[in-house]
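Please look through the sequence and the model below, and then read the report that follows, which takes up one part of the fold after another.

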Amino acid sequence: MPELTVHQSALLTDLALCVNRYRLFSPGWYVCVMAKVQLSPEESEVPGLVAMVNYGRKKQCEAHDDAFHGPPNFILDVFCTTDDPDFLRRRDRFCKAGVTEYLVAFDDEPLGLLWHRLDAGCYRLVEPDEDGIIRSHALPNFWVPLKSMQDRDWWAVLGCIERGVSRRANFA
């Protein structure tokens with residue numbers, strides 16, 4: 001991953017806090033920042049955040065000391081613009097490799113978000129439900145209120161995440 005600006009690093013830290021809050025209430029997950037992902041013997045990336053199921057039917061990669069081997073369930077990245085060549089390349093690589101969801105944040109006001117979900121071998125952009133919440137398929141019961149996240153209202157985001165994880169999980 002290219003070096004992050006200070007503002008991008010701060011945004012990644014805020015977003016990682018949200019995903020890690022989910023992980024604390026959801027056993028069986030690895031969540032790492034800036035960890036290498038070996039997508040194939042020839043291709044690797046270092047995304048901003050990686051989350052993977054560590055056991056059960058949704059497990060799709062292995063965590064080793066040197067890297068994650070295989071496609072993780074969820075990846076999050078931070079970029080400046082939607083036409084950044086690194087974003088476009090990574091989105092295509094993650095899709096091809098089978099990463100279930102790829103969330104990309106663009107450091108802007110309001111925060112720009114593109115939430116990609118793998119569907120029949122292609123990424124489709126995820127829209128919030130009628131209540132304004134995006135419910136992840138890769139991270140069961142990970143609920144994100146889109147407007148609150150765009151407004152960087154981290155307390156509202158964390159509250160929604162806690163409501164989601166209080167529901168019965170279905171990933172084992």
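## A hairpin and its neighbours

Strands β9 and β10 form a hairpin with two residues between them, and Ala120 in the turn has a positive phi of about 55°. Helices (H or I, at least four residues) and strands (E, at least two) are DSSP runs, numbered from the N terminus, and two strands pair if DSSP finds at least two bridges between them. Four bridges join β9 to β10, and these strands run antiparallel; Leu118 has Tyr123 in β10 as its bridge partner.

## About the model

This is a predicted model, in which local features need pLDDT of at least 70 and side-chain atom pairs count only at pLDDT 80 or more, while totals for chains, interfaces and linings use all residues. Residues are numbered from 1 along each chain as its sequence is written, and side-chain values use heavy atoms, with hydrogens and water left out.

Six strands, in the order β1-β4-β7-β8-β9-β10, make up an open sheet with mixed pairing. Because β1 (29–33) and β10 (122–125) stand at the edges with a single partner strand each, one side of each is left without a neighbour in the sheet. On average, neighbouring strands of this sheet are turned by 20° against each other, direction ignored.

Helix α1 (residues 6–25) lies across β1, β4 (49–53), β7 (74–79) and β8, and runs at about 160° to β7. Axes are lines fitted to C-alpha atoms, for helices over the stretch in contact (heavy atoms within 4.5 Å), and angles run from 0 to 180 degrees between N-to-C directions.

## The cavity

How many cavities of 30 Å³ or more does a search of the whole structure find? The search finds one. A cavity is a set of points on a 1 Å grid over the protein atoms alone where a 1.4 Å probe fits but cannot get out, and lining residues have an atom within 4 Å of a point.

The lining of the largest cavity includes Leu15, Leu76, Trp115 and Phe142, and α1 gives the most to this lining, with three residues.

## A salt bridge

A salt bridge is a side-chain nitrogen of Lys or Arg within 4 Å of a carboxyl oxygen of Asp or Glu. In the whole structure, a search finds 16 salt bridges. Glu162 forms one with Arg21, the closest N and O atoms being 2.4 Å apart. This pair links distant parts of the chain, with Glu162 in helix α4 (residues 154–165) and Arg21 in helix α1, 141 residues apart.

Key: 1 Å grid on protein atoms, 1.4 Å probe; cavity = no way out; pocket = protein on both sides within 12 Å on 5 of 7 lines; lining within 4 Å. Points joined across faces, edges and corners; volume = space filled by probe spheres on them.
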